[in-house]
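Please consider the sequence and the three-dimensional model shown below.

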Amino acid sequence: MGAIILSAVSLGTLWAVMTLGVYITYRILDIADLTVEGSIATGAAVAAHFISTGMSPWAATGLAIISGMLAGLATGLLHTKLKIPPLLAGILTMIALYSVNLRIMGKSNIPLLKTDTVFTGLTVTFGIDKNTSILIIGIICALAVSVFVYWFFGTEIGSAVRATGSNQQMARVQGINTDNMINIGLVISNGLVAFSGALIAQNQSFADVQMGTGSIVIGLASLIIGEVLFAMKTNSFKRVIFAVCLGAVLYRIIIALVLKAGMNPNDLKLFTAITVAFCLALPVGRQYFVTIVKSAKGGGDDA
């Protein structure tokens with residue numbers, strides 16, 4: 001059981017990077033960006049392609065981040081310049097990226113079984129086992145991304161992005177170019193998603209063109225679980241970022257435990273959808289409960 005939890009936590013730290021990317025679009029920009037389903041596979045495809053040709057894993061991961069940023073920019077330009085609704089713009093980019101990813105890989109799957117990855121350095125140098133190596137690198141990457149997100153959204157440009165997501169009309173009145181801010185937000189978000197995709201591909205030792213399917217639901221599940229359990233009643237941006245990362249880790253632990261309990265892997269998408277719906281409904285359920293309790297107390301006082 002301990003090995004299962006360690007593996008789940010390790011994988012959760014890698015998905016935490018992706019969840020932070022989803023948080024930027026879903027919460028800060030108030031956009032449901034489906035580019036994620038394509039850009040996570042793009043990051044994996046670019047990293048796997050260049051690693052398989054002998055490039056340094058970290059350099060290949062850097063190129064993966066750039067590819068994700070370009071994908072986010074494509075969605076941003078479709079929305080801001082061509083005035084396509086953001087949801088549809090994300091779908092168009094996601095569809096286009098499927099063909100792009102096939103072009104990058106040359107086939108539907110690239111194995112990385114006998115190649116160096118960002119995780120093998122610790123294993124070779126210090127003799128650390130694979131899961132512990134993944135955990136260490138995952139924590140470092142998630143921490144570095146969290147610090148970057150916290151720093152960036154405290155800058156003038158970051159504050160302008162937050163203002164754009166909060167109220168575009170008011171942001172324009174303040175002289176903010178909201179189109180540019182939307183593009184910046186989408187670029188950063190998908191860059192982080194591609195970063196996560198590159199790490200996940202190296203962790204599972206292969207990149208597949210289909211690996212992005214359902215990733216937006218996983219990201220939202222991790223985000224909502226983190227917010228509901230760890231940051232529902234706080235205005236602290238630092239705590240929200242921490243909660244988002246914890247949500248990603250907790251989600252992977254939940255998945256590992258339900259699989260250990262005997263759930264059919266084919267039911268995971270259904271389980272994830274139900275989990276998201278349940279977490280979204282918690283505030284409403286809490287309000288109903290409070291109302292019922294107040295009514296019961298009122299009735300008791302009258303009696």
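The model is predicted. In it, helices H3 and H9 pack with their axes 6 Å apart, and the structure holds 0 disulfides.

**Packing of H3 and H9**

- Helix H3 covers residues 57-80 and helix H9 covers residues 178-204; the angle between the two is about 145°.
- The handedness of the crossing of H3 and H9 is right-handed.
- Residues of the contact of H3 with H9 comprise 12 nonpolar, 11 polar and 1 charged.

**Thr61**

- Thr61 lies in helix H3.
- The relative accessibility of Thr61 is 1%, and Thr61 is therefore classed as buried, the limit being under 20%.
- Apart from neighbours within four places in sequence, Thr61 has contacts with Val118, Phe195, Ala198 and Gln202.

**Cysteines**

- With 0 disulfides in the structure, Cys141 takes part in none, and the nearest cysteine sulfur to that of Cys141 belongs to Cys245, 12 Å away.
- A pair of cysteine sulfur atoms would have to be within 2.5 Å to count as a disulfide.
- Cys141 has a relative accessible area of 6% and is buried.
- Cys245 is likewise in no disulfide, and the nearest cysteine sulfur to that of Cys245 is the one of Cys141, at 12 Å.
- Cys245 has 12% relative accessibility, so Cys245 also counts as buried.

How values were computed:
Residues are numbered from 1 along each chain as its sequence is written. This is a predicted model: local features need pLDDT of at least 70, side-chain atom pairs count only at pLDDT 80 or more; totals for chains, interfaces and linings use all residues. Side-chain values use heavy atoms; hydrogens and water are left out. Axes are lines fitted to C-alpha atoms, for helices over the stretch in contact, and angles run from 0 to 180 degrees between N-to-C directions. Helices (H or I, at least four residues) and strands (E, at least two) are DSSP runs, numbered from the N terminus. A crossing is left-handed if the near helix is turned anticlockwise from the far one by less than a right angle, and right-handed if clockwise. Ala, Val, Leu, Ile, Met, Phe, Trp, Tyr, Cys and Pro count as nonpolar, Asp, Glu, Lys and Arg as charged, and the others, Gly among them, as polar. Buried means under 20% relative accessible area, exposed over 50%, partly exposed in between (1.4 Å probe, protein chains only). Contact means heavy atoms within 4.5 Å.
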